[in-house]
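This briefing sets out selected structural features, grouped by topic. Please consult the sequence and the coordinates alongside the text.

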Amino acid sequence: MDVISVIRTKRDKGELSPEQIDWVIDAYTRGEVADEQMSALAMAILLNGMNRDEIARWTAAMIASGERMDFSSSLSRPTADKHSTGGVGDKITLPLAPLVAACGAAVPQLSGRGLGHTGGTLDKLESIPGWRALLSNEEMLSVLGGTGAVICAAGDGLAPADKKLYALRDVTGTVEAIPLIASSIMSKKIAEGTGSLVLDVKVGTGAFMKTIEDARELASTMVALGTDSGVRTAALLTDMSTPLGLTAGNALEVRESVEVLAGGGPADVVELTLALAREMLDAAGLKDADPAKALADGSAMDVWRRMIAAQGGDPDAALPVAREQHVIMAPASGVLTRLDAYDIGVAAWRLGAGRARKEDPVQAGAGVEMHAKPGDTVTAGQPLLTLHTDTPEKFGYALESLESSWDIAPEGTSFTRTPIVLDRIA
């Protein structure tokens with residue numbers, strides 16, 4: 001077997017054999033296949049695609065590159081997990097994991113960091129003083145067994161082939177390849193050992209999938225991969241043209257998530273949290289559980305506090321606040337009809353909430369606070385957005401990304417909000 005033959009097969013729109021896929025994933029993980037060679041193969045896959053058999057074998061090969069966890073013998077609860085394809089203001093994992101745990105499932109949530117304009121769950125939680133993302137498998141199981149939920153980073157032994165390939169895709173313009181997105185997500189989730197999985201596939205300007213057709217293709221591919229591997233899998237396609245909630249950042253989103261757990265918070269965050277919770281509980285066989293009740297009676301908040309404390313965090317500690325703020329006023333009175341998720345995400349990133357490279361630090365307090373959402377009436381001169389950062393020299397760069405990020409129509413203009421949940425794939 002040689003890598004040139006594998007590259008040529010896909011370059012010429014051929015189907016990779018199971019043996020070719022197994023070999024190239026293993027050889028790349030071991031360093032026998034060079035980055036520039038895997039880059040060429042990734043670009044060929046982006047341009048020419050893969051069929052279902054190829055994607056399934058590619059995913060299986062990435063799982064086989066490392067360890068596979070199994071909770072079936074150590075937990076009395078059914079396991080359920082959720083994965084989002086990434087968006088702006090997408091803090092849903094924070095209230096969702098303890099909420100589903102409060103309803104009787106165990107939630108082993110392996111999460112990632114932000115890159116570019118999309119936020120990362122681990123970056124958000126690390127704004128809580130003392131909280132740790134890196135746990136050993138033993139620590140992860142201890143937290144999960146004790147609280148019902150854990151949110152942490154994937155260990156080095158879980159799908160190491162994906163870790164290498166993900167970093168390579170990010171710097172070679174191949175992030176958008178649907179076969180590679182699907183296999184990257186599902187290799188980690190299947191290796192994680194969850195019994196059921198709900199996928200939140202984002203659609204819109206702030207998502208990697210810009211069209212409903214691309215989102216359906218990605219969702220269908222991932223659902224098939226999960227089902228074929230024995231994981232009960234379903235997907236919701238959800239809108240990401242407008243940011244979720246009223247904040248995009250790290251500590252800003254933690255604060256908003258705690259508001260949701262306390263029974264308040266923005267309506268769209270609550271709606272999507274409950275929709276995903278019901279899907280997860282149904283997949284876990286807990287059809288009679290009522291997540292709305294668990295939010296209202298404080299039991300989800302109790303799990304949150306125990307989960308944060310079990311990972312070294314102080315749930316009562318004050319969250320970081322950025323040293324500098326800049327307020328953008330509404331330029332006219334009327335109805336806000338558009339607030340672009342991508343532009344808001346780029347602004348938050350430029351203010352310091354995100355990173356351009358994996359090794360870059362992030363600011364805990366940086367981000368964008370939104371004072372109105374599409375459909376709201378605004379008055380000229382009222383605050384529309386507040387920018388937060390520790391480095392005020394970043395304001396100008398952030399403002400450039402917001403120059404055409406909203407539309408205000410004359411007062412009385414009718415407005416219909418886009419539904420948050422656009423479709424379901426199972």
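In helix H3, the residues Met38, Ser39, Leu41, Ala42, Ala44 and Ile45 are buried, where buried means under 20% relative accessible area, exposed over 50% and partly exposed in between (1.4 Å probe, protein chains only). Helices (H or I, at least four residues) and strands (E, at least two) are DSSP runs, numbered from the N terminus.

The model is predicted: local features need pLDDT of at least 70, side-chain atom pairs count only at pLDDT 80 or more, and totals for chains, interfaces and linings use all residues. Residues are numbered from 1 along each chain as its sequence is written, and side-chain values use heavy atoms, with hydrogens and water left out.

**Helices H2 and H3**

- The buried residues of H3 pack against H1, H2, H4, H8 and helix H9 (178-192); contact means heavy atoms within 4.5 Å.
- H3 has 14 residues and reaches 20 Å from its first C-alpha to its last, close to the 20 Å expected at 1.5 Å a residue. The expected span of a helix is 1.5 Å times one less than its number of residues.
- After H3 comes Gly49, with a positive phi near 75 degrees.
- Helix H2 (residues 18-30) has 13 residues, which should span 18 Å at 1.5 Å a residue, and its end C-alpha atoms are 18 Å apart, in agreement with that value.
- Gln20, Ile21, Trp23, Val24, Ile25, Ala27 and Tyr28 are the buried residues listed for H2. Their cover includes helix H1 (3-11), helix H3 (35-48), helix H4 (52-64) and helix H8 (160-170).

- Most residues other than glycine have a negative phi, and most peptide bonds are trans.
- Lys13 is not a glycine, yet has a positive phi of about 70 degrees. Lys13 is placed in the loop between H1 and H2 and is exposed, with a relative accessible area of 68%.
- Ala159, also a residue other than glycine, has a positive phi near 45 degrees. Ala159 is found in the loop between E3 and H8 and is buried, with a relative accessible area of 1%.

- Five of the five residues of strand E3 (residues 149-153) are buried, so E3 is largely enclosed by the rest of the structure.
- Ala149, Ile151 and Ala153 point one way from E3, whereas Val150 and Cys152 point the other way; all are buried.
- Strand E2 (residues 107-111) pairs with E3 in the parallel sense over five bridges; two strands pair if DSSP finds at least two bridges between them. Gln109 stands opposite Ile151 in E3.
- Gly112 lies in the loop between E2 and helix H6 (121-125). Gly112 is partly exposed, with a relative accessible area of 39%.
- Not counting residues up to four places away in sequence, Gly112 touches Gly120, Thr121 and Leu122.

**The three-stranded sheet**

- The strand order E10-E8-E12 defines an open sheet of three strands with antiparallel pairing.
- Strand E10 (377-378) and strand E12 (406-409) stand at the edges, each with a single partner strand, so one side of each has no neighbour in the sheet.
- Strand E8 (residues 334-339) and E10 run antiparallel and are joined by two bridges. Val335 stands opposite Thr377 in E10.

**Nonpolar cores**

- In the largest nonpolar core, of 72 residues, Trp304, Ile344 and Leu385 touch the most other members. A nonpolar core is a set of buried Ala, Val, Leu, Ile, Met, Phe, Trp, Tyr and Cys residues joined through side-chain atoms within 4.5 Å.
- Helix H12 (residues 267-283) gives the most to this core, nine residues.
- Another core lies apart from it and has 60 residues, among them Met38, Ile55, Val150 and Val231.

**Charges over rings**

- Lys164 lies over the face of Tyr28, at 4.3 Å from the ring centre. A charge sits over a ring if NZ of Lys or CZ of Arg is within 6 Å of the ring centre and within 35 degrees of the ring normal.
- Over the ring of Tyr397 sits the charged end of Arg350, 3.9 Å from the ring's centre.
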